Amino acid sequence: MTEPDLKQFDPAGYRSIVFFTGAGLSAESGVPTYRGHGGIWAQYNYEDYACQRAFERDPVRVLDFHEVRRTHVLKCPPHAGHRHLARLQAAFPQVRVVTQNIDGLLQRAGIAVDAELHGSLWRQRCSRHGLREDLEAGPYRQRQCPDCGSWLRPDITWFEDAVDGAVFARTQQLVAGCDLFVSVGTSGVVWPAAGFAQLARDSGARMVEINLENNEASALYRHRLRGPAGVVLPAAFPLAD
Ligand code: APR
């Protein structure tokens, strides 16, 4: 592995920049990641809490789990890294953001998110009556559809779910057309989202990885910036005050 790269990048020098974010971007806000120390999947078995089978088997247990996560996330403010990314996007319209995160912290930081690849804690869906936002608080306003009474499923791409074709097609187009691809805080192990790094590289983008450590996908990146996102983002993409 090459030594961590301390290079800085000037967004003005790129036509299209995609920031591809994972749970590590939310970690400094206090939102647990999925893998690694203290990860969610080390505490909970996704087969009991985050898949369609579990939801059909015990919707109350699944909704209780997601309410605990919503309530916790609401106590976690966006950090300096989110705020810097929002300033970057405001200064450079070519900055686009794609996330695997469902916590909504990017939006709370005022960032325009082009794609939520794995859905959102803040949306529910009825299989017959479609999507509904539920932003107010930790507990869901409603757990069952007022129109048909069926359980409202969190609008999250769970394990074993098909991905949202439109969201992935939009992301594919963005990634294939970017000339700078910056992954922030992702372990790069969950497919098909993990495939976007290879697509960016194959499309000739400059590849930058912001992470605390190396992971399976690190070999795809020419620049591996090691450190917490809240520190590295402002350092690697400085903005004139
Ligand atoms: N700054 C930068 N990177 C960090 C930080 C931090 N402060 N803290 C942790 N990381 C890195 C870890 O080293 C790890 O590589 O963030 C990554 C988090 O990895 P995961 O927990 O696997 O999260 P993610 O890659 O987003 O998971 C992808 O898996 O469970 C599914 O749907 C879920 O969207 C999620 C997907």
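A residue counts as buried when its relative accessible area is under 20%, as exposed when that area is over 50%, and as partly exposed in between, with a 1.4 Å probe and protein chains only. This is a predicted model, in which local features need pLDDT of at least 70 and side-chain atom pairs count only at pLDDT 80 or more, while totals for chains, interfaces and linings use all residues. Residues are numbered from 1 along each chain as its sequence is written, and side-chain values use heavy atoms, with hydrogens and water left out.

Select Asp-114, which is buried because its relative accessibility is 16%, and find it in the loop between helix 7 (105–108) and strand 3 (115–116); helices (H or I, at least four residues) and strands (E, at least two) are DSSP runs numbered from the N terminus. Next select Gln-89 in helix 6 (residues 80–91), a residue that is buried with a relative accessible area of 13%. Its side chain reaches the backbone nitrogen of Ala-112 at 2.7 Å, a polar contact, meaning a pair of N or O atoms within 3.5 Å, where within protein one must be able to donate a hydrogen and the other to accept it, and residues adjacent in sequence count only if both atoms are side-chain atoms.

**Second stop: the ligand**

Now select the ligand, which 23 residues surround, the closest being Tyr-34, Arg-35, Thr-186, Ser-187 and Asn-211; a residue is near a molecule if one of its heavy atoms lies within 4 Å of it. A polar backbone atom of Tyr-34 is 2.8 Å from an oxygen atom of the ligand, and a polar side-chain atom of Trp-41 also lies 2.8 Å from a ligand oxygen. On the nitrogen side, a backbone N or O atom of Ala-229 is 2.9 Å from a nitrogen atom of the ligand. Of the 740 Å² of accessible area that the ligand has on its own, the protein covers 92%, with areas taken from the Shrake-Rupley method and a 1.4 Å probe.

Colour the rings of Phe, Tyr and Trp, of which the structure holds 14 aromatic pairs; rings (for Trp, the six-membered one) pair if their centres lie within 6.5 Å, and planes under 30 degrees apart count as stacked, over 60 as edge-to-face and the rest as tilted. Phe-55 and Trp-158 have ring centres 5.9 Å apart and planes at 50°, so this pair is tilted. Because Phe-55 lies in helix 4 (residues 52–57) and Trp-158 in the loop between strand 6 (153–156) and helix 8 (165–176), the pair ties together parts that are 103 residues apart in sequence. Phe-55 is buried at 7% relative accessibility, and Trp-158 is buried at 4%. Then select Phe-20, Phe-168, Phe-181, Phe-196 and Tyr-221, which form one aromatic cluster.

**Last stop: loops and backbone**

In the loop between helix 8 and strand 7 (180–184), select Asp-179, which is buried at 17% relative accessibility and whose side chain reaches the backbone nitrogen of Arg-15 at 2.9 Å. Glu-160, in the loop between strand 6 and helix 8, is exposed at 51% relative accessibility and has a positive phi near 75°. Finish at Pro-192, in the loop between strand 7 and helix 9 (195–202), where the peptide bond from Trp-191 is cis, with omega near 5°. Most residues other than glycine have a negative phi, and most peptide bonds are trans.
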